[in-house]
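Then let's walk through it together.

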Amino acid sequence: MIRAEFGFDPAAPLVVSLVLFVEGGPRVLWRIGRDLMQQGLRSADGLGDVQMWPARADEEGTAWLQLASRDMAALFELPVPPLEEWL
């Protein structure tokens with residue numbers, strides 16, 4: 001089970017912090033550009049380690065967020081309406 005918390009520092013509002021809490025494992029911090037996340041709700045965006053795209057072009061319900069490193073990759077399904085409102 002992985003729990004995720006999104007946040008941001010008011011001093012750097014264009015960067016979203018994503019903290020992943022892995023059950024029985026370490027806390028993992030990712031910093032993602034707010035513009036990448038906003039664009040990724042509607043169309044594919046990002047290169048390399050962070051990519052985001054809508055789950056289905058004809059729906060606005062969910063989006064995929066992929067985080068990759070040298071050792072592994074993780075794919076998360078995110079609910080668009082609350083994330084869009086928060087962003």
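What follows is a short tour of some residues and their surroundings.

First, the ground rules: this is a predicted model, where local features need pLDDT of at least 70 and side-chain atom pairs count only at pLDDT 80 or more, while totals for chains, interfaces and linings use all residues. Residues are numbered from 1 along each chain as its sequence is written, and side-chain values use heavy atoms, with hydrogens and water left out.

Let's start with Leu41. You'll find Leu41 in the loop between α1 (34–40) and β4 (50–54); helices (H or I, at least four residues) and strands (E, at least two) are DSSP runs, numbered from the N terminus. Leu41 is buried, because its relative accessible area is 5% (buried means under 20%, exposed over 50%, partly exposed in between, with a 1.4 Å probe and protein chains only). Which residues does Leu41 contact, leaving aside its neighbours within four places in sequence? They are Met52, Pro54, Ala63, Val80, Leu83, Glu84 and Leu87, where contact means heavy atoms within 4.5 Å.

Glu84 turns up again in a salt bridge with Arg42, with the closest N and O atoms 2.3 Å apart. That pair ties together distant parts of the chain: Arg42 is in the loop between α1 and β4, Glu84 is in helix α2 (residues 80–86), and 42 residues separate them. A salt bridge here is a side-chain nitrogen of Lys or Arg within 4 Å of a carboxyl oxygen of Asp or Glu, and by this rule the count comes to 2. Arg3 and Glu5 make a salt bridge too, at 2.6 Å from N to O. Arg3 counts as partly exposed because its relative accessible area is 45%, and Glu5, at 37%, is partly exposed as well.

Now for a charged residue without such a partner. Arg34, in helix α1, is buried yet has no salt bridge, and the nearest side chain of opposite charge, Asp35, is 8.2 Å away (Lys and Arg count as positive, Asp and Glu as negative; His and the chain ends are not counted). What lies 2.9 Å from a polar atom of the side chain of Arg34? It is the backbone oxygen of Leu87.

Phe8 lies in strand β1 (residues 2–9) and is partly exposed, since its relative accessible area is 40%.

Phe76 counts as buried because its relative accessibility is 16%, and Leu78 is buried at 9%. Setting aside residues up to four places away in sequence, Phe76 touches Ile2, Leu20, Ala63, Trp64, Leu65 and Leu67. With neighbours within four places left out, Leu78 is in contact with Phe6, Met52, Gly61, Thr62, Ala63, Leu65 and Leu83.

Technical notes. Polar contact = N/O pair within 3.5 Å; in protein donor to acceptor, adjacent residues only side chain to side chain.
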